[in-house]
Each structure stands twice: as C-alpha cells, then as structure tokens.
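Me: I have a structure open and would like to learn how to read it. Could you walk me through a few features?

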Amino acid sequence: MNDVELLIVDDAAAVADAVAQRLAAAAAEGGNVVLTGGTTPAHAYERAAALAPDWSRVEVWWGDERCVPPEDERSNYVLAKRTLLDRLEREPAVHRIRGELQPADAAGEYEHHLDGVQLDLLLLGLGPDGHVASLFAGSPQLEERERLVTSGPAGLEPFVDRVTLTLPALLSAQRIVFLVTGADKAGAVARAFRGPITDEVPASLLRTGSAPVDIYLDAAAAA
C-alpha cells in the first residue's frame, strides 16, 4: 500500500496555489507530467504558468479526454491550452489525446505514444461520485489490467465518449497529486481516501499502488 497524505488548506485559492507550486517544481525538474481536466485545476494552471514560465524540460500528457475536437469548450486539452500552455514563455512537448478521432483510434494512438514512458507526476481531480480520470463505477474499463489507454462512454455530463488512462497506467506514476475543492466533494473524499478500497469508488483503487498520493483539499472538501 502506498502513502496517502491529506493536505488541507483554507480555500480553493490556496489549493490552486499549492498545486501550482508542485507543477512549477515539476517544470524545473523535467520529466513527464500528466494534466487533468475539469474546472478545478484552471487556477492552478494559471498560477503555475506565472511561477514557472519555462516548461521546455517537460513533456505534457492528459489523464483523459472527451471525444470532441481540440477547440471544443468541453475539451480537457483546450482548458490547459488557455490557462497554462498559452501563457508560457517556453512550452513543453505536448502529447494530447486526439478527441476528434474515433474513440478506439484515439485510444490506440495515445497508447502507442505512451509505450515506454515513465509518468513522473500524475495530476488528478475527483468526481463527486468518486470517479477518477474517466473511470466510473461499474465501468468494464476498471477490469483492464494490460492496456494503458481505453475508450468508453461517459458516466456523467457531458455525455460524450471518453478516452482514458487505465488503472495500470495511473498506478505506474511515480507520484500522484489530487486537487479537490468544494463541499460537494466531501463525501467522495471520505469514500475514496478513508473508506474501503472498492470498484464502486474508482479513486480508492489508487491507494493500492506504490506511488505516494498527495491530496490537496480545501476546508469544505475535507469536511
């Protein structure tokens, strides 16, 4: 079992600042950094770009993607592009999941690019239902033990197909960092990081690996 540390700060702004500092350190160290989607990390990305405008030593990946074109507002890539990549003086190598392809094709291409890659820092959010990346309770993707990337339907809005890293890929990371804010996540935090490890709460399965897991929470999410 890995080390799981809950790091509780006052509010969402403090969570963003703490995670931004981790990202800035990763930019200085170099390596492979996996970004997450959703609205929560946007402020962390903006702050990280200000703290570390040079990401030329880093290669950037994504933990999952909606199957939409890269300019679509629902795209995880476009969120990071606007809040992080476009604000940098020196950009990283970018490996995006091509959501405009057929889902199976996008998954296969991304898995090919990931072959032999060591993921140094994996940034994740937590869904209010306990999902992580695009791995949802009840999904057959949770049973995958060999492939690094799969495609499948969405488990919540927006209801578009998804491409996601699998558990073997997520668990291969050297370090896992969650950023979680808001009272609507408090129940999921308790189930994922203090409750039983179960497929019904996919995020809890990350406690079975060897990588340290740091969870940055605001007071509301930690309640």
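Reply: Happy to! Buried means under 20% relative accessible area, exposed over 50%, and partly exposed in between, using a 1.4 Å probe and protein chains only. Helices (H or I, at least four residues) and strands (E, at least two) are DSSP runs, numbered from the N terminus. This is a predicted model, where local features need pLDDT of at least 70, side-chain atom pairs count only at pLDDT 80 or more, and totals for chains, interfaces and linings use all residues. Residues are numbered from 1 along each chain as its sequence is written, and side-chain values use heavy atoms, leaving out hydrogens and water.

Me: How many residues of strand β10 are buried?

Reply: In β10 (residues 213-218), 6 of 6 residues are buried. Val213, Ile215 and Leu217 point one way, while Asp214, Tyr216 and Asp218 point the other.

Me: Which strands pair with β10?

Reply: Two strands pair if DSSP finds at least two bridges between them. Strand β1 (residues 4-9) pairs with β10 in the parallel sense over 6 bridges, with Leu7 partnered by Tyr216. Strand β9 (residues 175-180) is also parallel to β10, over 5 bridges, and there Ile176 has Val213 as its bridge partner.

Me: Now helix α2: which of its residues are buried?

Reply: In α2 (residues 42-51) they are Ala42, Ala44, Tyr45, Ala48 and Ala49. Seen down the axis of α2, these fall within an arc of 160°, so they line one face of the helix. That arc is taken from the directions from the helix axis to the C-beta atoms. His43 and Ala50, on the other side of α2, are exposed.
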